[in-house]
Amino acid sequence: MQESINTSKSPVPSSSSPPESGRVSWRPPAGYVEPGRKVLGRTVPFLLEEACRLNPNPRAFNTRQDEHWTSLSSQEFRDRCQCLALGFLDLDLARGDRVCLFMRSDTTFCLADMACLTAGLVDVPIYLTHTPNTIRYVLDHAQARALIASDCDLLADLLEAIDELPRLKSIILGGEEGLSPEVSRAVARKGIEVHSLRELEAAGRRRLDSDPEAGERLQAEIHPSDLATIVYTSGTTGRPKGVMLTHENLSFDTVAAFTGLEKLERGGGHVTLSFLPLTHVFARMMQYGYMNYGLAVYFTEPDRIASDLKSVRPAVFATVPRVIEKFYDRILEKGDQLGRLGRGFFKRALRLARSYEMGKSLSRWARIQRPLLDRMVFSRWREALGGRLELIICGGAALRPDLANVFAAAGIEILQGYGLTETSPVISFNRPDFNRAGTVGIPLAGVEVALAPDGEILTRGPHVMKGYYRDPGLTRQSMDSEGWFYTGDVGEFTEDGLLKITDRKKDLFKLSTGKYVMPLPLETRLVEDPLVDQAVVVGEGRKFCAALIFPETGSLERWVREAGVDGSQSLQDLLESADVQNYFQQLIERTNSDLPPWSSIKKFDLIAETLSSENGFLTPTLKVRRNKVRKDFADRIDSLYGEEEAARDEPPTEPEILGG
């Protein structure tokens, strides 16, 4: 077993050369039986064909129209996709041409996506939150021949981005509304034809009526090794990279990820709520799985999650940690508003949940209390999630271990997964019988995982991308001659055989003393506190670690009321007050409690701003853009070191020279 990598160690990043020796391979934990449904050689449209044959659902796809849901059955969805595919090919598009999707995440996105894949086209989803410059870069770099936009409003947002793109010949609108005069003139000047999905579907249906086997012939021409999609990673630095995923990458990862989950294999009667952007391969893979297993999918918006959970009452849904954190904050807020008796039960339930650890038995006293607390408290948590929820699948970022345990204690099972766009995306995830907080579980059946000598996670298998589009040099840097993909993440295997992520390799920084610091474990400890929204640990080239802390204002306001602190002052004055500073100083001391001095946080700064994707501090997948944080808050960072900067040029002491 590999020696643990944690903040008390000092891992040194290795070169990019393949680790010929010292590699640690994953070993299955005792009692683990690998699922038997390992299927290669599939295309994504085959997953739809299989759904129509084995798991048909009359309400497979559901999108809100006004205040009602409109539904499509599995069969209707397949027929419309075939018609659209034939219509696309009437636009002088050839197999392998790139089609960009600038669309909202709903049934229409799914139709456009599957129609492209059926026609042998390569679709390229674009985040709605991207800037015009980034959108233009993706359109140009992907050499897009066509662009599909959900409606005229989204198309209007693209006018600046589609300047000087000679390869772009067609724009396709998902809606039926006509173009505004301004948009019509702008598009006409560019020599681009405009069509609607309905128009192309009607043309394809006419062709299918005259040639009923045309759709089946299209699908027969698709091979599992064909390129299916190019997903441009948002990235925390630099320009996006175009990740090339084949049909087999996506179909294998979907089938392997869903296989063995009994709660999903019952498929047909299940309902799921989908609110993650389908531009992200995690949400897209989940959608293919829902479709294949016959679940009814209801598409909603992030600001309607709470109400739709109660009305749709899903059995399963996929999410990112941020949504779970917000739900937990709401639970705490509701608990504070209860009467004296209810608040007493709530606090007892919270103490039990916070003491719970997955994989370990409750104490005798906790087992005695739990039935009553479940009836009085935990059942209400489950009811807030619709009352039928059996499973939450969490990905995209690290979930706080304490939340995984708290929700498990309340009877809400969360399975956390791990992967990257480059791995289609899932590499591993927790299983119901092998679920531990703070881990990302067991590799998919058919997926290899190993650790390099420096702890970097490597993976190999049918899930690994074809490469980066138009960038063979970057592809060679990330994949070795043996087929191992270098994830850039640092990890370890737990004693019971589960994978644990400890940091991002590129996020490691080196103090001026020569010590390497992994910021993620420190930041994870900080954000476990309800008053912390985000935390960024800094110290590259400095003598010690410091932290920028971005408070969670709602939780801070509740704490102010409970602590009797003057809440009438401005947020900035409040953050500078002695009471608040003392609270966070104690948090820092708890965070540092078992760490060696060199990796401890010495100073912190409370910043009255929120990090979000809208202001550019978070990627569309809610990862912190560290470079932007360091750049925009450079003065605040410098002020944390102050007089220490004067000592940076002094000769290091002997222990520092030796790295001790």
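Two strands are taken to pair if DSSP finds at least two bridges between them; strands (E, at least two residues) and helices (H or I, at least four) are DSSP runs, numbered from the N terminus. The model is predicted: local features need pLDDT of at least 70 and side-chain atom pairs count only at pLDDT 80 or more, while totals for chains, interfaces and linings use all residues. Residues are numbered from 1 along each chain as its sequence is written, and side-chain values use heavy atoms, with hydrogens and water left out.

Select strand S10 (residues 241–246) to begin. Five of the six residues of S10 are buried, that is, under 20% relative accessible area with a 1.4 Å probe and protein chains only.

Turn now to the aromatic rings. Rings of Phe, Tyr and Trp (its six-membered ring) pair if their centres lie within 6.5 Å, with planes under 30 degrees apart counted as stacked, over 60 as edge-to-face and the rest as tilted. The structure holds 17 such pairs. Select Tyr32 and Phe434, an edge-to-face pair at 5.7 Å centre to centre and 85° between the planes. Tyr32 lies in the loop between strand S1 (24–25) and helix H1 (44–54) and Phe434 in the loop between strands S16 (426–429) and S17 (442–443), so the pair ties together parts 402 residues apart in sequence. Both Tyr32 and Phe434 are buried.

Finally, select Phe327, Tyr328, Phe346, Phe378, Trp381 and Phe407, which form one aromatic cluster.

Note on methods. Buried means under 20% relative accessible area, exposed over 50%, partly exposed in between (1.4 Å probe, protein chains only).
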